[in-house]
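This report reads a two-chain model from its overall form down to individual residues. Please keep the coordinates open while following the text.

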Amino acid sequence: MQVSSSKFKENAHDALKDDNLRAALNRVKTGFTTARANAAEGLPEFEDLRDKARDIKDHVLENLDYYLEYFEQKVIEQGGQVHWCSNASEAREAVLKICRDVDAKTVTKGKSMITEEIALNKFLAAQGIEPIETDLGEYIIQLADEPPSHIIGPAVHKTKEQVTELFHEHHQQYGYTEREEDPEKLVGEARAVLRHKYVTADVGITGANFLVAETGSTVIVTNEGNGDLTQSLPETHVVVASLEKVIPTLEDVSTVMRVLARSATGQEMSVYTTFSTGPKRDTDLDGPANFHVVLLDGGRSEMIGTELQELLRCIRCGACMNHCPVYHAVGGHSYGWVYPGPIGAALNPQMVGLEEARDLPNASSFCGRCEEVCPVRIPLPKILRHWREEAFEKQVGPKPERWGIELWGFFAKRPWLYRRVTRLAASLLSMMAGKKGRLKSLPFNNGWTSVRDLPAPQGSTFMAQWKSKGGRVK
Amino acid sequence: MSSKEKILGRIRANKGRGPLKKEHADILSERIREHSHNLVPKRGLIPLEDQIDLFCGKLEALAATTERVMDAKDLPKKVQDYLKEHNLPSRIKMSPSPELTDLPWKDLPTLEIVTGAGAEEDVVGISPAFAGIAETGTLMMASGAETPSTVNFLPENHIAVLDIRKMKGSFEEAWDLLREKNGDQGMPRTVNLISGPSRTADIEQRLIMGAHGPKNLHVILVGDGEKD
């Protein structure tokens with residue numbers, strides 16, 4: 001997808017003025033968070049399972065090369081193929097070749113963030129192959145020609161009225177001429193339209209939540225059942241997955257599964273968890289004749305062994321964004337690339353470059369809720385701090401911002417001077433404020449005072465009061 | 001250099017090593033072969049009758065319906081009653097599994113039984129579950145010559161039949177059972193873990209049933225819990 005992370009501030013400003021988005025984000029704020037809290041409470045072993053899940057993912061990342069080769073071997077034994085791809089363009093070409101080999105005209109798709117990452121839909125369409133998203137949320141945003149705004153609820157930003165209009169515009173060709181407003185009927189309409197597409201598609205593309213080394217299986221998790229129809233009806237099933245999804249055994253998958261849905265939607269299990277292993281067997285009555293795994297690196301191998309390695313534990317549950325006050329305020333599109341919220345702020349600088357995504361690590365109040373709810377305990381605030389340091393050291397970002405930090409650093413390293421200057425500044429501000437005790441405007445800080453007054457500091461500084469009460473001062 | 005070599009090379013270079021040494025690799029392959037269970041929640045590790053209650057309770061909370069017959073030969077009648085009660089057509093797509101086809105369907109001549117894979121026009125499908133997982137109220141369905149997976153997904157109404165001797169407390173026990181049954185063949189083409197009927201919350205987070213898979217899931221548990 002088109003990167004617009006460098007426009008984060010403008011995007012965020014626009015988002016704050018969007019009333020529909022505000023309503024949608026309020027639903028995220030209450031719905032997902034309450035459900036997750038209840039699910040966590042409902043399983044006494046939940047916290048210990050989070051530790052186990054973290055340990056399993058760490059174990060994989062320490063031995064990633066071994067498990068990837070093991071996985072490939074098992075896929076081959078079961079009659080499938082693995083296509084190793086260093087970057088997005090190789091992955092797109094690999095999918096295209098598979099489609100061309102079976103002379104594909106239409107492709108149905110289950111939900112996959114990796115195919116968003118490699119911008120597969122636009123590419124296939126340009127090659128004359130029609131991609132059809134089948135997850136309802138993905139289908140809605142495909143009709144709207146928008147990227148997802150949430151990794152598990154791609155269309156959370158859309159209102160029912162907007163869906164009504166989209167379906168009215170696009171479904172008339174199938175004979176749905178009435179403007180449908182009832183959500184249940186809207187779902188029914190999508191179900192009917194897509195049903196026939198499943199049966200007639202030449203290729204089904206899904207993502208993967210896990211790749212099981214032990215068995216060569218790929219695993220998807222859905223609530224709708226769209227992924228299952230996508231992969232069992234066409235002649236060819238293509239799984240597009242990134243390499244950190246590999247996991248050693250079915251037992252390890254079971255452990256991680258127990259924290260995945262609970263963290264994501266607050267369900268104990270998603271409705272459908274599907275393990276796919278190779279093409280149909282000789283005696284099978286259904287299933288695809290061809291099974292391919294397109295394995296994407298996309299910058300991940302470079303994160304191994306660095307301070308970013310822990311990001312590769314991510315199981316894409318979305319809990320971090322569901323609990324993020326910044327995400328709640330600005331929504332997913334503001335982040336300007338595939339991954340929004342805290343995980344996006346931590347991951348995107350690596351994936352699209354720090355220059356482009358430099359505002360994202362700053363889009364955090366470091367409240368720490370993301371780390372608190374992350375099922376695999378990724379230290380997201382620590383990684384955001386890493387990016388801030390990196391941005392400062394590499395001199396990314398506007399000069400005034402750097403000067404400000406340098407200036408603050410100068411005083412912070414000289415406490416005696418810091419105390420004097422703050423005392424002076426406090427009394428200066430207090431003088432400027434006059435009797436009212438409030439400042440209507442502040443030089444260099446119009447952003448703050450344009451919508452509210454700044455209360456002026458009152459009395460002496462904290463350090464002065466501390467000292468006067470007999471506190472020890474270094 | 002192929003992309004595979006490049007990717008593996010980058011991983012190894014960042015780890016500051018070459019391919020894993022044999023003794024290390026042996027430890028990992030042993031870890032895979034052991035199938036040792038990680039932390040398994042206590043919730044499902046209870047006697048069979050309690051597991052059945054837990055299983056049914058969880059499934060019902062997920063908007064599925066459940067009932068039980070002590071003797072498999074009573075199952076066709078239960079199915080017929082279900083169809084009548086829900087005003088469903090009497091044509092059923094059935095998995096060609098002896099576990100179902102051997103039952104006395106002929107006693108109910110008004111039912112039209114069609115065996116085979118699922119198809120677009122099917123309204124009701126019936127298939128046998130490979131196992132039940134009490135922990136979360138989950139059905140494990142395993143594909144095969146007698147159990148095409150499309151029967152579980154294409155019909156709007158899915159009836160799953162679970163022999164209670166296949167009730168397990170946890171996912172781990174169900175995997176053990178699958179390995180025991182499948183031996184060296186590895187996994188079936190697909191294993192579907194199903195916890196309730198299809199749903200979506202993609203329009204304003206409102207829960208709506210029957211997004212793409214079945215709108216209704218009815219689970220009939222069969223047996224009195226005695227061994228053969």
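The model is predicted, and local features are described only where pLDDT is at least 70, side-chain atom pairs count only at pLDDT 80 or more, and totals for chains, interfaces and linings use all residues. Residues are numbered from 1 along each chain as its sequence is written, while chains are lettered from A and ligands numbered from 1 in the order in which they are written.

**Chain A overall**

Chain A holds 22 helices and 12 strands, where helices (H or I, at least four residues) and strands (E, at least two) are DSSP runs numbered from the N terminus. Its radius of gyration is 26 Å, close to the 23 Å that the globule rule gives for 474 residues, so chain A is as compact as a globular protein of that length; the radius is taken over C-alpha atoms, and the rule is 2.2 Å times the number of residues to the power 0.38. Along its principal axes, the C-alpha trace of chain A spans about 85 × 55 × 45 Å. Of the 474 residues of chain A, 50% count as buried, a term that requires 20 or more other C-beta atoms within 10 Å of the residue's own, with exposed meaning 12 or fewer, partly exposed the range in between, and C-beta atoms placed from the backbone. Among contacts in chain A between residues at least 6 apart in sequence, 73% join residues at least 24 apart, a contact being two C-beta atoms, placed from the backbone, within 7 Å.

**The interface**

On the chain B side, 60 residues are in contact with 74 residues of chain A. The elements of chain B that give two or more residues to this side are α1 (3-15), α2 (22-34), α6 (171-182), β9 (190-194) and β10 (199-200), and the largest share, 10 residues, comes from α1(B). By type, this side divides into 23 nonpolar, 24 polar and 13 charged residues, with Ala, Val, Leu, Ile, Met, Phe, Trp, Tyr, Cys and Pro counted as nonpolar, Asp, Glu, Lys and Arg as charged, and the others, Gly among them, as polar.

**Sheets**

Two strands are said to pair if DSSP finds at least two bridges between them. One open sheet of 8 strands draws on both chains, in the order β8(A)-β5(A)-β6(A)-β9(A)-β9(B)-β6(B)-β5(B)-β8(B), and its pairing is mixed. Its edge strands are β8 (246-247) of chain A and β8 (167-168) of chain B, each pairing on one side only. On the chain B part, α6(B) lies across β5 (131-133), β6 (138-142) and β8, running at about 165° to β5(B), where axes are lines fitted to C-alpha atoms, for helices over the stretch in contact, and angles run from 0 to 180 degrees between N-to-C directions.

Another open sheet, of 6 strands in chain A, has the order β1-β10-β7-β4-β2-β3 with parallel pairing. Strands β1 (81-85) and β3 (130-133) stand at its edges, each with a single partner strand, so one side of each is left without a neighbour in the sheet. The twist in this sheet averages 25° from one strand to the next.

| Strand pair | Sense | Bridges |
|---|---|---|
| β9(A) and β9(B) | antiparallel | 5 bridges |
| β5(A) and β8(A) | parallel | 2 bridges |
| β2(A) and β4(A) | parallel | 3 bridges |
| β1(B) and β12(B) | parallel | 5 bridges |
| β7(B) and β12(B) | parallel | 7 bridges |

Across the chain boundary, A:T274 has B:N192 in β9(B) as its bridge partner. For β12(B), B:E67 stands opposite B:I220, and B:N157 stands opposite B:N216. All 7 of the 7 residues of β12 (residues 216-222) of chain B are buried, so this strand is largely enclosed by the rest of the structure. In a regular strand the side chains alternate between the two faces of the sheet. In β12(B), B:N216, B:H218, B:I220 and B:V222 on one side and B:L217, B:V219 and B:L221 on the other are all buried.

Leaving out residues up to four places away in sequence, B:M140 touches B:A129, B:F130, B:A131, B:I133, B:A174, B:V191 and B:L193.

A:N63 has its place in the loop between α3 (46-62) and α4 (64-77) of chain A. A:N63 is buried, with 22 other C-beta atoms within 10 Å, and, not counting residues up to four places away in sequence, touches B:L20 and B:L28.
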